[in-house]
Amino acid sequence: MKTIQPYTPREIMTIMAAREIKNGDIVFSGTGISMLAAMAAKNINAPDSVIFFETGAIDSLLEELPFAVADPRIMYWAAANSRLTDAFATMQNPITGEKVIAILGAAQIDRYGNLNTTCIGDYHSPEIRFSGSGGGCDVASFVPRCIAFMQHEKRKFVKKLDYLTSPGQLEGNNSRQKAGLRPGGVSVVVTNLGVMRFDKDTGKMYLDKFYPSITPEKILKNTEFDMDISRATLADPPTKTELTILREECDPQRLILD
Amino acid sequence: MKNSLNKVIPLKQAIEQYVKNSSHISIGGFTINRNPMAAVYEIIRQKICDLHLYAHSNGTGLDELIGAGCISKLEIAYGGNGKAAPTCIHFARAAQNNEILFEDYSNYMMSLRFTAGAMGVPFLPTLSGFGSDILTKWGFSKSMRRSDPKIVDNKLAVIDNPFGDWAGASKVVLVPAINPDVTIIHVQKADATGTCSIQGLAFADIEQVKASKHVIITCEHLVTKEELRQNPDLNQIPFIHVSAVCHVPLGAYPTAVFGHYDYDSQYLRKFAIAAKNPDKFKKYQNKYIYGAKDHDAFLDIIGQERIDTITADPRTGYSVNMKRD
């Protein structure tokens, strides 16, 4: 029997991502649902977290939801409006970079948390061309924690990426460090079905939480590669308080939630 | 007496003088903000072609130039245009159909490449991109690079840290400098000598300007030297870098200029929809670009009502509660 959840897939995804953000974190955010997760964290569990954009604005007031990371809405009442070189240096520099948690999206992810935002098919002659790295490759190279937001589908959770845009654990074990990268990359994957993390030793993705009314088997069915589900437990669903704050304070017009 | 430092010329003349077929160019702004659109439309009207564009994330300007067939080679980090086109429509089509040669970088890599050009060094190091296909997949072949003196022989390079493990890095990625023939940016204020004051985020405009052999500034307000000299702390670009100054109010429309006007989401959507269909796009171009002799005439077609809608609120710098498509 199908039970009707008192929240939508977008709402549970947003809340699951928001819970990853700790007080005092600097949150590297894009727009859309990632921005909403950052705002939800600030309003629910991490009031002293700081929202930060690759274009150089930091701690913007965000009276209105921005639709791009260059939206003039992020320039109003920021602590500083700087520029690209400065924003990326803030993440490359471990003094500040260690405090950054990034929220990223992608067209494809593999079992090691590597992301593709560039193309489907051959790079030179792609079947589908996407926007490209933007700052994604930089952030995934620099900061210790990244949340990947994905729709959980087989064609997105793939054995082999068509193009590796943003490095995760590369080929697992210590290959990330060997390549020259700091510890970091995607550390948690939040989808419409569950929450995945990466094994400390092997770097492989495992299922951590599955949502109410979703089974680990369903998640495996929607994943092209094998994934350890032995550690998986049922996720705590969003609380009434979390949902109320998300709906009434973060996106009252439901610009992103719908 | 004519002041030799007076660089004010009409935009049409500035484009004719500095942007040639096959020029290597860069444009300022980021996705839907402060793209030098009047200059972009003038390049299209003048049918300048075979351009090599260096872009980090130039959304609207990039996609109009590709759509008009002005670009043959592109070095790029991101081709998206906000909500209207998460991937730029012409950019995606041109890449899928091999209409342009393109090569991918990250935003930091492109920003550093302009910085290296501005500094006069051949490359700069970063810790970004190890293990990624950005390092290994080249858009321009080795033979093409060798045969073109304006393109660097290697895309990127990885070397061991010559200082051991100093600063916790065993290796670095080197990104090669860019020195465009011409960079065009749009700013809030400039004086006749070319000194500029940018309000809001500067993106990579300052580095792009300082890396370039020639620089065209378009500005909302052409102000006196005295006005800019009263607050030198607010000026990011001194006149020595600038070749030409063009007074073009609303010169970034349909992209935003902080403190002056918002992006026109309705126009950006119209552009994205037209871009998906060659016939529709031809009509779009004939109406808005070729149908207007200059930017003022283009704005006449847009109409005062749209301009009033996007005009920024003085407190926030954007149009408050504007309906956004």
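**Close-up views of a predicted two-chain model**

**View 1. Where B:Thr126 finds its bridge partner.** B:Thr126 is bridged to B:Val173 in β7(B); strands here are DSSP E runs of at least two residues, numbered from the N terminus. Strand β5 (residues 123-126) and strand β7 (residues 171-176), both of chain B, pair in the antiparallel sense over 4 bridges, and pairing needs at least two DSSP bridges between the strands. Strand β6 (residues 157-160) of chain B also runs antiparallel to β7(B), again with 4 bridges; here B:Ile159 sits opposite B:Val172.

A quick note on the model: it is predicted, so local features need pLDDT of at least 70 and side-chain atom pairs count only at pLDDT 80 or more, while totals for chains, interfaces and linings use all residues. Residues are numbered from 1 along each chain as its sequence is written, with chains lettered from A and ligands numbered from 1 in the order in which they are written.

View 2. A:Gly135 sits in the loop between β9 (128-129) and α5 (136-142) of chain A; helices are DSSP H or I runs of at least four residues. A:Gly135 is buried, with 31 other C-beta atoms within 10 Å (buried means 20 or more, with C-beta atoms placed from the backbone). Leaving aside residues up to four places away in sequence, A:Gly135 touches A:Glu54, A:Phe88, B:Ser106, B:Asn107 and B:Tyr108, contact meaning C-beta atoms within 7 Å.

**View 3. Around A:Ala40.** Not counting residues up to four places away in sequence, the contacts of A:Ala40 include A:Thr14, A:Ile245 and A:Cys250.

Terms used. A residue is buried if 20 or more other C-beta atoms lie within 10 Å of its own, exposed if 12 or fewer, and partly exposed in between; C-beta atoms are placed from the backbone. Two residues are in contact if their C-beta atoms, placed from the backbone, lie within 7 Å.
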